[in-house]
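Hi,

Here is the structure I said I'd pass along.

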Amino acid sequence: MPRRRGLIATLLGCLMWVPAAVTGPAAAQSPAPGYHSYVALGDSFQADSAILPGVTTAFVPAGCAQVSYDYPHQVAAALGVADFKDATCGGAVSGSMTGPQPVLGGVNPPQFSRLGRDTDLVTVGIGGNDLDLIGLIGRCLALLPLPTTTCPHDPMTDRIAAEQRVVEGVLAGIHQRAPRARVLLVDYLAVFPEHGGCWPYVPIEDQDMAYLHRVLAAVNTMLAGAAAADPRGTELVDTYTPSIGHDVCQSPTVRWTEGLLPLSVNTLSVAVPFHPNRAGADGQARAVLAQVRAGAPVR
């Protein structure tokens with residue numbers, strides 16, 4: 001049993017936090033004028049990673065698993081920006097902002113290299129890989145209904161607090177390189193239900209599911225703190241709240257993230273386990289666009 005769980009955790013680590021044209025609800029809305037240069041930064045939750053179909057290499061190597069229906073593509077289309085760069089890449093950590101990230105099929109250059117003094121809109125989502133949330137999920141998998149997992153139930157308080165300083169450094173780096181940009185920090189969807197579970201469909205015991213929910217909620221609270229602490233002004237985009245009730249235990253047409261068996265029917269595809277499907281990408285896009293339209297462009 002431990003060996004099998006270890007193999008699954010390794011598979012998750014290879015695929016997750018690593019994705020099809022924009023036709024979702026976000027793209028159908030009327031454009032909000034004023035932005036001409038938009039750069040998207042971050043990890044696989046921003047790339048809305050999938051295994052197939054729809055992986056695009058327009059901006060990054062195939063190994064980033066970025067899809068053409070990710071929320072940055074939808075936002076760029078809805079806003080009608082002339083200059084769009086999507087640097088998001090599965091597996092990205094905070095160090096991927098300033099350093100190259102080797103992936104299958106090539107190297108994703110430092111994500112900050114896409115920023116410039118003319119950039120006027122930036123979205124960024126980072127932190128999950130720094131905290132090894134995928135490894136944590138792997139430790140909480142239970143293929144048999146037995147108390148045999150190594151789910152630690154460690155609240156990770158100190159690690160999450162330390163990560164806030166890292167995220168604040170990322171935000172400072174964005175403002176330094178794109179001083180005119182409006183910066184939006186995007187949090188993580190509600191992947192896990194707060195109460196109960198759905199074993200064996202998602203092979204995580206109820207108490208472990210609740211623990212993972214608490215950890216992800218704490219990560220999102222940390223991200224909100226990082227945005228609030230930014231003296232140059234970073235706005236938090238709350239994708240978590242509208243995604244409540246769309247967790248991995250919901251029906252195939254309701255959930256916004258897929259479980260361990262990630263065949264999605266929202267747009268027929270194979271998503272990365274425990275990552276957004278097309279409905280999740282659409283929900284993220286709606287939240288980002290609502291935030292963008294709530295304020296004026298930075299000049």
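Predicted model: local features only at pLDDT ≥ 70, side-chain atom pairs only at ≥ 80, totals over all residues.

First, the overall picture. The protein has eight helices and 10 strands. Of its 299 residues, 55% are buried. The exposed surface comes to about 11400 Å², and carbon and sulfur atoms supply 61% of that.

How many of the nine residues of helix 3 are buried? Eight of them are, so the helix is largely enclosed by the rest of the structure. If you want to click through them, the buried ones are Tyr 71, Pro 72, His 73, Gln 74, Val 75, Ala 76, Ala 78 and Leu 79. What do they pack against? On the strand side, the partners are strand 1 (37-42), strand 3 (83-86), strand 6 (121-125) and strand 7 (182-186). Helix 2 (44-47) and helix 8 are the helical partners of these buried residues.

The pairing with helix 8 can be described in more detail. Helix 3 covers residues 71-79 and helix 8 covers residues 278-293; their axes come within 8 Å and cross at roughly 45 degrees. That angle makes helix 3 oblique to helix 8. The crossing of the two is right-handed. From helix 3, the residues involved are Tyr 71, Gln 74, Val 75, Ala 78 and Leu 79. They meet a set in helix 8 that includes Arg 278, Asp 282, Val 288, Leu 289 and Arg 293. Sorted by class, the contact of helix 3 with helix 8 has nine nonpolar, two polar and three charged residues.

Helix 5 (residues 157-177) and helix 6 (residues 206-229) have axes that come within 9 Å and cross at roughly 40 degrees. Helix 5 and helix 6 are therefore oblique to each other. Their crossing is right-handed. Helix 5 brings Ile 160, Glu 163, Gln 164, Val 167, Glu 168 and Leu 171 to the contact, while the helix 6 side includes Val 215, Met 222, Leu 223, Gly 225 and Ala 229. By class, the contact of helix 5 with helix 6 has 11 nonpolar, two polar and two charged residues.

Finally, two loop residues. Gly 128 lies in the loop between strand 6 and helix 4 (133-139). Is Gly 128 buried or exposed? Its relative accessibility is 0%, so Gly 128 counts as buried. Asp 187 is 59 residues from Gly 128 in sequence, yet their C-alpha atoms are 9.9 Å apart in space.

Val 265 belongs to the loop between strand 9 (263-264) and strand 10 (269-271). Because its relative accessibility is 45%, Val 265 counts as partly exposed. Leaving aside residues up to four places away in sequence, Val 265 touches Pro 252 and Thr 253. With Thr 253, the separation is 12 residues along the chain and 6.7 Å between C-alpha atoms.

That's what I have for now.

Cheers

Conventions: Residues numbered from 1 in each chain as written. Heavy atoms only, no water. Axes fitted to C-alpha atoms, helices over the stretch in contact; angles between N-to-C directions. Helix = DSSP H or I, 4+ residues; strand = E, 2+ residues; numbered from the N terminus. Parallel < 35°, antiparallel > 145°, perpendicular 65-115°, else oblique. Left-handed = near helix turned anticlockwise from the far one by under 90°. Contact = heavy atoms within 4.5 Å. Nonpolar A, V, L, I, M, F, W, Y, C, P; charged D, E, K, R; others polar. Buried < 20%, exposed > 50% of the residue type's maximum accessible area, 1.4 Å probe, protein only. Areas by Shrake-Rupley, 256 points an atom, 1.4 Å probe, with all protein chains shown as cover.
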